[in-house]
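Please look over the sequence and the fold below before reading on.

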Amino acid sequence: MTSHKPRLILVHEPEKACFDRLVADGHQPGRAAEIASYLAQSTDLAHEFDALAAACLARGLSFAPVALDDAASVLAGEHLGTTLVWTLTDGIAYFRGGAAPALARLGGFKTIGADDSLFALCQDKFRAGAVLGALGLPVPQAGLARDGKWLVEPPASPAGWFVKPNRLGAKIGIWADSRTSDLGHALELSRRVFAAYRDDVVVQPYVAGRNVRASFLGLAPAAGVEALGVAFVDSGADFQTMADSLALYGDTGEAAKAAGHYAEPELVAVADSQPLADARIRTIAGGLMSGLGLRDVFSIDLRVEADDKVHLIEFEVCPGLPCFDFRAYCRHQWGLELADAMAETAASRLTG
């Protein structure tokens with residue numbers, strides 16, 4: 001009887017593969033590079049594949065990083081009962097990572113993360129917001145515009161509105177003037193986004209408060225909201241822009257560091273100053289886990305006001321694992337560096 005060693009397969013979409021495909025589809029190279037920067041965690045994590053392999057080996061696992069375009073052929077040769085598939089990035093539109101959990105489900109493999117339907121939902125902010133609202137979660141109601149025309153008009157908002165692309169992440173298409181008190185300017189921003197990226201925009205009432213990131217990695221399958229790391233993300237600005245994001249991650253981030261333009265936001269535990277808000281965020285996370293199906297690994301972006309009012313902005317089924325905030329979470333919550341935290345999570349699913 002042949003013995004198969006437990007194996008973690010990490011499926012990732014490289015930036016260059018995405019960039020080449022976008023240019024072939026007619027996107028301007030500069031804009032294609034901005035869009036592909038969403039996949040910077042693939043670039044960043046590649047530097048740690050050796051560390052991941054060593055961490056897995058120490059726990060009795062083998063490790064294989066697999067580029068998305070090779071995933072179907074690689075999985076076809078894997079053993080069903082001992083292979084775990086971890087998808088690094090999501091995507092159904094500009095990015096294609098959502099194909100990986102679908103392939104895993106088609107093949108009957110175990111997976112880390114939410115089911116593939118959520119990989120599609122989370123990258124459509126308007127639809128995701130509608131679902132979150134239907135679950136009774138405190139998400140701002142949104143309008144939707146395309147190339148200067150309303151598809152759904154936003155609600156009135158005395159504090160103004162915030163405008164962001166509907167299907168793009170990593171702050172792509174968010175500029176210094178993305179907060180506006182003029183719906184005419186919101187429509188102008190929708191023209192700008194459509195011309196640059198061919199995307200719609202979500203127009204949400206602006207909500208006050210500080211930015212919060214809630215991170216989750218379930219080292220054990222039974223981990224719940226007690227394992228959530230909830231931190232203010234203080235960057236010195238009301239919100240982060242695309243320029244801020246490009247200065248943090250991937251090859252562009254490396255260049256920014258070399259030039260001395262790298263400014264990592266400060267992380268401060270919400271519970272230290274606003275324990276009621278922290279408790280409310282954990283309740284929201286519990287609702288997302290039970291009502292939406294988030295599990296294993298995810299992040300949530302929120303805004304918290306001084307009176308502990310919490311606004312849910314969006315969720316990610318593929319949080320930026322090599323990003324500063326998730327690394328800090330792994331150290332604080334689990335006492336582990338990223339590679340060991342990932343390997344420990346995989347081992348708990350494969351070997352118990």
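Leaving aside residues up to four places away in sequence, S190 touches A145, R146, D147, G148, K149 and V201, where contact means heavy atoms within 4.5 Å. This is a predicted model, in which local features need pLDDT of at least 70 and side-chain atom pairs count only at pLDDT 80 or more, while totals for chains, interfaces and linings use all residues. Residues are numbered from 1 along each chain as its sequence is written, and side-chain values use heavy atoms, with hydrogens and water left out.

S190 itself lies in helix α9, residues 183-197; helices (H or I, at least four residues) and strands (E, at least two) are DSSP runs, numbered from the N terminus. With a relative accessible area of 0%, S190 is buried, a word that stands for under 20% relative accessible area, whereas exposed stands for over 50% and partly exposed for what is in between, with a 1.4 Å probe and protein chains only. Among the residues that S190 touches is D147, which is found in the loop between β5 (143-146) and β6. D147 is partly exposed, its relative accessible area being 33%, and it has a positive phi of about 50 degrees although it is not a glycine. D296 is placed in the loop between α13 and β13 (297-304), and with a relative accessible area of 10% it is buried.

Five strands form an open sheet in the order β6-β5-β9-β7-β8, and their pairing is antiparallel; two strands are said to pair if DSSP finds at least two bridges between them. At the edges stand β6 (149-152) and β8 (179-180), each with a single partner strand, so that one side of each is left without a neighbour in the sheet. The antiparallel pairing of β7 with β8 runs over two bridges, and F162 stands opposite R179 in β8.

Which elements do the buried residues of α8 pack against? They pack against α7 (116-121), β7 (161-165), β9 (201-205), α13 (275-292) and β14 (310-316). The residues of α8 (125-134) that are buried include K125, A128 and L132. These cover an arc of only 65 degrees around the axis, which puts them on the same side of α8; the arc is that of the directions from the helix axis to the C-beta atoms. An α-helix has 3.6 residues a turn, so residues three or four places apart point the same way. On the other side of α8, R127 and A134 are exposed, and the helix is followed by G136, whose phi is positive, near 80 degrees.

There is also an open sheet of four strands, in the order β2-β1-β3-β4 and with parallel pairing. Here β2 (62-67) and β4 (110-112) are at the edges, each with a single partner strand, so one side of each is left without a neighbour in the sheet. From one strand to the next the twist averages 25 degrees, where angles run from 0 to 180 degrees between N-to-C directions and axes are lines fitted to C-alpha atoms, for helices over the stretch in contact. Strand β1 (residues 7-12) pairs with β3 in the parallel sense over five bridges, and the bridge partner of L10 in β3 is W86. Helix α4 packs on this sheet, touching β1 and β2, and its direction makes about 145 degrees with that of β2. Helix α15 lies across β1, β3 and β4 and runs at about 140 degrees to β3.

These two helices also meet each other. The axes of α4 (residues 49-57) and α15 (residues 338-350) come within 8 Å and cross at roughly 45 degrees. That makes α4 oblique to α15, since angles under 35 degrees count as roughly parallel, over 145 as roughly antiparallel, 65 to 115 as roughly perpendicular and the rest as oblique. In this pair A51, L52, A55 and C56 in α4 meet A339, D340, M342 and A343 in α15.
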